[in-house]
Amino acid sequence: MIVAEQKDITEIVKMIEGCQNILVIGCDTCVTVCLAGGAKEVAILASGLRLALKVQGKEAEVHETSIERQCEKEFVDALKSAVKGHDLLISTGCGIGVQTIAEQFPSLPVIPALNTKLLGLPEKQGVWVERCQACGQCILDKTGGVCPISRCSKSLLNGPCGGSQNGKCEINKDIDCGWHLIYERLKALNRLESLAEIMPVKNWSTSRDGGPRKVIREDMCL
Amino acid sequence: MDNHLDSCTGGNNGIPVKIGVFFCTCGHMMNDYFDVKALMDYAAQVPGVAFVDENRFLCTRSGLEWLRSKIVRSGCNRFVIAGCSPHQYEVRFMNVLEEAGLNRSFLTIANIREGCAWACADKEGCMPKARQILSSAIKRVALAKPLEKVRRKVESSALVIGAGISGIQMAIELHGLGLRPILVEKQEKVCPKDASFMNPCTQGAQGSDEVFSSGWITQKLKELDDKKIEILTSSQVTQVKGGPGAFRVTLETAGQEKILDIGSIVVSTEPEKRAVQKMTALRPSHRIVSLSGLSDLVTRERRALEQILVTADKRTKYVCFILGEAEGFAKRSTVMALNEAIALKKQFKAEVVIAARDIIVSGTQIETLYQKARQAGILFFRSTEDSGPTVSIEKGVITVRIHDPALDRPSAKAASGNAGVCGSQESEGAARPVIIHADLLVFEDEILPGEDTECLKNALRVNLNKGGFYQEANIHLKPNLSNKKGIFLAGSCHGKEETCEALGDVRSVAMAVYSTLSRGYLETEQKVVIDTDKCALCLTCFRSCPHQAIEIGEVELGQKWGAKVIPEACQGCGICAGECPAKAIEMVHYSDNQIFSELTLER
Amino acid sequence: MNDQDKAIVIGGGIAGVSSALSLADNGYEVYVVEKKSSIGGHALSFCCKATEQCNSCGVCLAKDKVTRAASSPNIHLLTHSEVVGVREVRLKDGGVSFEVDVRKQPRFIDEDKCIACSLCYQSCPKPGIAISRPYLSSIPNVFSIDRNHCLAFQQETGCALCEDNCPAGAIFLNQKEETTILHASALVVATGFTAYDARKKGHLGYGRLPEVITGLDLEQRLLAGRASAFFGPLTREGKEHMPPRIAFIQCVGSRDPHISQDYCSRVCCKYAVRMAAKLKSQISDAEVTIFYIDLQKTESEFLSLVEQVRGKISLIKGLPVEIEKAGNGAGVSMRYENIDKGCMESADFDLVVLSVGISPAVQNQILAETLCLRTGRDGFFAPLNLLDSTVSSRPGIFLAGTCQGPKSLVESVSHGQEAALRAVAFLRGLKKKGLEEVCHG
Amino acid sequence: MKAGSRLEKLLNQGEFVATAELGPPKSADIQLIKKKASILRGFADAVNITDNQTAIVRVSSIAAGKIALDEGLEPIIQMTCRDRNRLAMQADVLGAYVLGLRNLLCLSGDHQSFGNHPQSKNVYDLDSIQLVQMCKNMRDEKVFQCGEEIRNTKKSDIIEPRMFLGVASNPFGDPFEFRVVRLAKKIKAGADFVQTQCIFDLPKFKTFMQMVTDQGLHEKVSILAGVMPVKSSKVLQYMKNNVAGMSIPDDLIRRMEGAQDAKAEGAKICVEMIHKMREIPGIKGVHIMAVEWEEIVPTIVKDAGLWPRPEVAAE
Amino acid sequence: MDFTPAIVAFCCENSAYRAADIAGAQQEGYPSNIRICRLPCSGKLEIIHILKAFEEGADGVFVFACHPDSCKFLLGNVRAGKRIDHTSTLLEKIGIEKERLRFFFLSELEWTAFVEMVRLGNESIRNLGPSPVKKEP
């Protein structure tokens, strides 16, 4: 799932400078699950902003609402009436949500309340770790189901660099060495020999490097 | 300002809220603090209030009678009682509501006695505060939603995990109460891992040396047999779902998966033993044993023991026990040591020395046992906090050095001379350790949680304490509850050391189990409700509920997944409601709106 | 209701209450016969021992239980009452049952009418003496009048201020002692213990020196307020505001063959260390010392508690030989044997707390006679078999809590449940037998 | 002859080679490069010119390499995958070649988080193994990574960059068993010589070499053992704690602590190490990493009896 | 300056709420400007509740939880603690002194301590002056 993290409220307070009527829009999907932008956080943020404004002696209204998925135009459109009369929208959705809102409400400024961080999973309650880079060309079959692109700090394709020690990465003792994990996994599956082959140069054009990407499912297109 | 009214009519499915406010003047006492009449007038003008009245003693029989009639006649559907603290009579008043056919949550107490009249340091602050308490109580009750009661039939079966001494006893007790115990043992046959684990606490003291030997066990096993108690050997619990009265337990029985519906679960597994570090540090020798090792010698390999303690030469043999090396279970070690010491003294005429920092006697009859040991002529040395006894093996001879300051005193010369018998006095010096050339050196065992504890814990979703034993650290769980309702802890798995203690523990658990199952059904209030439509299935509540009262799965059979509360397991703390990122969880009696309504200040 | 669905619990202490609760929860009618004016016993006079964290003394557990008992519809409280006679009666269906005479001393205040408004208390010329309540929201939360101090029973004139002031008309100064008869097939004896009377140990100076108090006294003081309150400004060695020096003396009336109490009271080490920790947390600079013979390091929580206080308070192996008024007038001075140093030492203290042990309740002997029960040589009720300490020497009567031997608060709760278990099993047995006989007949 | 570099020739002659290291300055100071070069001249058969070592910006390795070349040294150009994508890399290989540079050491490179631009974006378009492969293909297959022939226009003839290709190997990284596999991979990819991470833990290195020789890898490639003179015990301590993939025995640290003249002792240890290396089968030379301490190299080379350095035999 | 702060005290009904009752019943007066809000457990207290209190014009918010390890629900006080830490940082960023939010541990029997805490707490808030939220625009 998409994992995001709330921006420092002071940053947001700066962004709402001079606005009179603000609507905070939550998203009930990924960012709710990653505890960053669900109904609860929206309420806290809105209340926080109200307080901040009062402290600065400013007069402004902050309202709150929340929708199923900010990354669906239809859902965002449903906000039309709620949006009326506001001069600023704050999205507690991921980057996608912010942009969908911007697209649907061209005349209204929308600002992000979150930093969209990674595609990953909760390691334990309150801790999320990265698992995928959306490189567009999955090689997990070759690496025992552990992704070197997202879990090796250098996205190496041919085994751990010299910095790997005690299963940890050279850049930080509390990061696992992705390639060590791959090694252990393949050992367990007793497929180590596959590591002897040189993995060819990766085609990065399928990833972001190939420019903005698109997925088209012809048969599903109407 | 009073939008709370319209906002709540929804919760009251359209029927307009009519609030009745009753004042209890506690005799006339309240009038000494503020003008109750004025308060009543104030209440009367708060929107939504339809009826106001007062009584001098609501809490008395007559008072409650009066209240009941008023409730019916007033035609109101929400009630505020302004009087003493809810902790006094809230329950009684709620019962009255119920008798009057209303939901008990449609009542709020305005605590104007303890909370205001008696508490205000400043008399002039009293009236406004009373008014404020009253108004927020009215707002609160206007928002009240009904607390639903759920009644669920419960299984009469109880799963007893671990057929140790406690487990066996547990099964028998439960059977005696007409419940259906099912005994689960991971070994392929039921024979308590170590009969000596729980040492006969009363041995010696009672004279009967066999209160608790294998004899006890064979007899119990027979009992199990006669009572046809269901026993699942080589079985392990792999998953537990549901709550008290209706657990669904998955076991692995001899490779087969088996699913049982269980009313209540008792954990009575046995811990493991390990040699203390000080002992493992020494070169292994048949003359250095752990307490349990010794009792094995005594019971099974007598010959070996004789070889150590009986030889051609008539030299007196020396046995030395060193205690206080292991964390915890000190009582068990002391009792075992005392028993064995007395036995060895009797049977081999050996010189027996027990070196310990503290003698643990805080158990049934142990003091007596200790006295008996002293009379038997066993020598006790008190090592000091900082310098415990040291052991060295010099050309095959086990040498123990003990610093007992008591022996440095002139008065204790005699004693030290006595100590000399079992060793040689070292050259003069300030602190002269007693030296013992031990023919047999005995250490206590270190008691550790059973090796299956970890996986069983995960299956049951119960907590462990710092030591890795089953948790009970929190006082509210004592004497033997786990963090999950309906799962109980019995015996050594949560630190019981003596047999009496353990068996006692078993009985009190049996009673607790009986209390949950005897009625055949459980009736609980649905304190927490989850709005499935809002639930984002983030598992936060599932992970953060301290009582594991939340499950993830089909909310209704065949419906989409969501989080659901097991009302029987829920204890109504509201932690989940506080955590839920989707605001899908609400505490019926403490909804956000209700809490907010109490926060609005009069301006 | 049938006798086999009823039980009588003698003693409303924590063990009795927990026993009663367990029985009531399973639908049995339970009468709790309590000598005092409210239930809860010793437990509720204890203070909370929490420092920075909870030290699981269990007082709140006790409070929970007692409150629950009070609101249980199946439990009937008989306060100011004592069991004075017991007869065994055979029932028609062949079962046996007990017929119990309960004598109720007058409280002079009607439990049902009293609303605990405390107006009587306020109007009384001798409040707290003549009219009193053990502690707030005691259960039942009702005042009681002590005929020995109440003026109404002393002056011919007869004071009746309370009567006049009671808004509920709950006061009846002419109330008389009355005896009622209860029927039940099972009895649970839970009469608790008596704290050892430290006066008997003259050399410790209890009752003679104001600085010497017992653990129970300290509990009550800590319950009433913060520790700092009970030391005035301490000046010594010419300096002002010196930190208080506090000593705990273990095994006062325990492990002592001379007074034939040669058993360990099981609770003292724990409560002493807990209270030491509590004092230390309230008066950070206090110098606390515990004098002991053997520290009973048993439960894991206690071990961690000992770790918690390590270095903060000093533990000395050895007991005092004598305690006297200090020469310089400040506090008391104590001579004691330091076993670790192997010599006699002496030190001065501002407060000495005697960790008094658990002695058998004084009335045990009389009760034992009325109930024809066996007591052990230590004076506690003796179980038939130590492996099941709740079974008394007489069928149908069960033992719970410290009346059977020293126990901690939590242990007593547990033991209460045990006794309930035995009672239930027994009653179920009777019922079965009854049924069978009915079928035969 | 693959590239015909001096290093290659000496190795072919079966000489026990000694290479050193020249770290380019963190400024545009050409004199420093020349100074360092003059120190090393005549004492090292080839010198590694590091590439933004530890991810700190420095004079580019190729530029510095050119200067070193002019100063009469045989440079080994280091190239990391951190900062360039395949275009830049191939361009630089061509560039290096036209400047007369003939040795290339292919590295993954330290992660930028170590250096002075931790916020920069890293590239890692290729990894070191793929880099070697690419350079080998450029040399032997005469094609770019994309498969295109290396010629200017369809008409012009193929002129490919012929580099003598080196790789690094860290015998002390984890998982240990994988280290040999990885080396084998690098050889397979086309490595001609290997320079190891600096070695302090001899026993562990010997086990490594054992595994290497068992697989006969030492015959497919020339292995130069990395050695490092240290100035003080602190340096060792630091490396032990902070440099990943380092194995440093404590007694070594103790020895340094004990020494009166730490520097001298450091050099001595290094010399001893070189002697020991010569005894290990499969070792074709040493790589002396005197980081920011070039002036010690001559002493070490002399004391190790590696002086004077051999000349390339005339054909 | 003469200023009576408005203070909301969130009290766990298993400890502080009872303590407050006893304090009251002991006629042990504490400032009347303390408004007690009863919670089933401090674990029910949410960040938004605290913020709302300030929005409603509270000058201070006190939270009373049971002592560590003695929460009737095992973890309520722990959760409360974490939420309060989070909230006080938030408040500070917003521009509200974090001293206005106080967290206390208390047991039912420590009613004297309750009175002491409330009195001192009240003083400290009084010294802080009115909440910056109340500033008129």
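Two residues are in contact when they have heavy atoms within 4.5 Å of each other. The structure is a predicted model, in which local features need pLDDT of at least 70 and side-chain atom pairs count only at pLDDT 80 or more, while totals for chains, interfaces and linings use all residues. Residues are numbered from 1 along each chain as its sequence is written, and side-chain values use heavy atoms, with hydrogens and water left out.

By that definition, and leaving aside residues up to four places away in sequence, Leu354(C) touches a set of residues that includes Leu204(C), Tyr206(C), Ile249(C) and Tyr271(C). Leu354(C) is also, with Phe248(C) and Val352(C), among the residues with the most contacts inside the largest nonpolar core, which has 129 residues; such a core is a set of buried Ala, Val, Leu, Ile, Met, Phe, Trp, Tyr and Cys residues joined through side-chain atoms within 4.5 Å, where buried means under 20% relative accessible area (1.4 Å probe, protein chains only). Helix 9 of chain C gives the most to this core, with 10 residues.

We can turn now to the interface of chains C and B. Here 58 residues of chain C are in contact with 67 residues of chain B, and the count between the two chains is 10 salt bridges, each a side-chain nitrogen of Lys or Arg within 4 Å of a carboxyl oxygen of Asp or Glu. One of these joins the side chains of Glu418(C) and Arg507(B), at 3.2 Å from N to O. Helix 9 (409-440) of chain C is among the elements that give two or more residues to the side of chain C that touches chain B, and helix 9 provides the largest share of that side, 11 residues.

Terms used. Chains are lettered from A and ligands numbered from 1 in the order in which they are written. Helices (H or I, at least four residues) and strands (E, at least two) are DSSP runs, numbered from the N terminus. Buried means under 20% relative accessible area, exposed over 50%, partly exposed in between (1.4 Å probe, protein chains only).
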